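User: I have a structure open and want to learn how to read it. Where do I begin?

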Amino acid sequence: MFDYRNNLKRILNQTAGDEKSLSNGLAAIKLILGMADEALGAQITSTQVDYKQVNLFLRGLIALIKNPGDNHAKNNTLKAIRQILLTPKLEPGLRQTLIDLSQAVKASQTTKETINKKVFEQALQKKIMPKVDYRKGKRYVVVRLLSGCDLINDSKRCVFTLKESQIHSLNLKSGDIVEALPVEDNRNYEAEILRVVGFRQLSRMEVDQISTFKYAVVQGNSGHLTISHNIKGQKLRIRGKSITLSVDESKFEEKNIPLTDGSIVDLAWYDGDIRLKKNPTEAIEIRWIYELDQPATMSKLKKKKVKQTDQATEMPKLALNLHYQRVGIAIGNNQNEALLEGIVKRYNGIPIAIDAFQGKKKIIEQQIKNLDIVILVTAFAAHDSTWNISEFTSKYNVKFAVSSSKGYQAFERALYRAEMGLPAYEGNQTIEYKKAN
């Protein structure tokens, strides 16, 4: 009998991922199998090898030659080999050949050409999006609170109360008419807003008037923090009078963002609150804390003058693999764009910039409908396009999350939440971000 074992090993070891090498390798294997066909046929007859398993083995081997290192092809080939090895009275030489071949299959590695081919093929695939039935959502009127909002029905009864983390990036205001659905599988939220469908001017009798002071700067030492102005240098004024607001940092250590010297926050208060005159500290509430600080390890990297595009490879990884999904990055300007694209690539995604803040609604829709994931980076900007992005990701069933800053950690966590089906807005809730082993 012709001993084809060494020939088969050499073919597998020398076959590369290019088309010519694959064709030559396949032809060589067919020739060797043809030379051993008579002996193999006799062996199958005498030992009653299952033809079906042999066929699966050969198909798996062909797929592995076409796509070296492909896990699906490797598993199918190894499974077929294991089944053949269970055949009683299998000739010892053939058994050892199959064992050697299984080791060669396990050692098969993905080539650069295979990765590029896979990326190209998946990028060309046309996505089939399930239709979203907006008719299931009921309409409510938004009544803004100091933090979050109430959703009021036609009977003027409060049906749901949403957290600030759900609506901060949507720029909702009192009088907005929205469609919403109750959330049944997440106890952290009462309802999910589907889209804004209109606006109704509410009278002073229907809603309390709220004033805000955006991007206020926290100053001072622990235990003696104050706010007197915002990042633009504008002073905090209550009823026309400049004030310095004392802040108790112990109330605002949620979401692992402690309130410290240099923190940026949004303030809100009811205009009719009688406490504003004598004790503004009790009347004014911190509505939102912006996440500005990057991880300590990132600061160390900056001291070493590591380039932004290389920082992602130095950070601990999350347990996340995007498997070459198309990730749209919606950002107000080009700052940190290279860093954010590097994060997407680090998790095997394909970054695609979205020109969402200058394009028209139809352009935004065209950009989003062919994506798998969209991450909206709000930072300090309030954009009219924010709601359009949220609406189209819901319409085309695109995974969506919001990063409140352009920092590495905030964007990475938003990417994790989008892929894992977690809340789009992190807010003040505790979310576990699993690390890679």
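Analyst: Begin with confidence. pLDDT is the predictor's confidence in each residue, from 0 to 100. You need that score here, as this is a predicted model.

User: What is the mean pLDDT of the protein?
Analyst: The mean is 77. Of the residues, 75% reach 70 or more.

User: Where is confidence lowest, and where is it highest?
Analyst: The lowest is helix 11, residues 296-303, with a mean of 41. The highest is strand 2, residues 149-152, at 94.

User: Now sheets. In what order do the strands of the five-stranded sheet lie?
Analyst: The general idea: strands of a sheet pair through backbone hydrogen bonds, either parallel or antiparallel. In this open sheet the order is 10-7-6-11-12, and the pairing is antiparallel. Strand 10 (245-247) and strand 12 (285-289) are the edges, each pairing on one side only. From one strand to the next, the twist averages 45 degrees.

User: How many bridges join strand 11 and strand 12?
Analyst: Four bridges, in the antiparallel sense; strand 11 covers residues 264-270. For one of the residues, Asp-266, the bridge partner in strand 12 is Trp-288.

User: How many aromatic pairs does a search of the whole structure find?
Analyst: Two. One of them is Tyr-140 with Phe-160. Their ring centres are 5.6 Å apart, with 80 degrees between the planes, so the pair counts as edge-to-face, the cut-off being over 60.

User: Why does that pair tie together separate parts of the sequence?
Analyst: Tyr-140 lies in strand 1 (residues 138-144) and Phe-160 in strand 3 (residues 158-162), so the pair links parts 20 residues apart in sequence. Both Tyr-140 and Phe-160 are buried.

User: Is Phe-392 buried or exposed?
Analyst: Compare its relative accessible area with the cut-off: under 20% is buried. Phe-392 has 3%, so Phe-392 is buried. This residue lies in helix 15, residues 385-395. Leaving aside neighbours within four places in sequence, Phe-392 contacts Lys-361, Ile-364, Glu-365 and Ile-368. Phe-392 and Lys-369 are 23 residues apart in sequence, but 7.2 Å apart in space, C-alpha to C-alpha.

User: Which residues of helix 13 are buried?
Analyst: In helix 13, residues 337-346, they are Leu-339, Leu-340, Gly-342, Ile-343, Val-344 and Arg-346. Just after helix 13, look at Asn-348: its phi is positive, about 65 degrees.

Methods. Residues are numbered from 1 along each chain as its sequence is written. This is a predicted model: local features need pLDDT of at least 70, side-chain atom pairs count only at pLDDT 80 or more; totals for chains, interfaces and linings use all residues. Side-chain values use heavy atoms; hydrogens and water are left out. Buried means under 20% relative accessible area, exposed over 50%, partly exposed in between (1.4 Å probe, protein chains only). Helices (H or I, at least four residues) and strands (E, at least two) are DSSP runs, numbered from the N terminus. Two strands pair if DSSP finds at least two bridges between them. Axes are lines fitted to C-alpha atoms, for helices over the stretch in contact, and angles run from 0 to 180 degrees between N-to-C directions. Contact means heavy atoms within 4.5 Å. Rings of Phe, Tyr and Trp (its six-membered ring) pair if their centres lie within 6.5 Å; planes under 30 degrees apart count as stacked, over 60 as edge-to-face and the rest as tilted.
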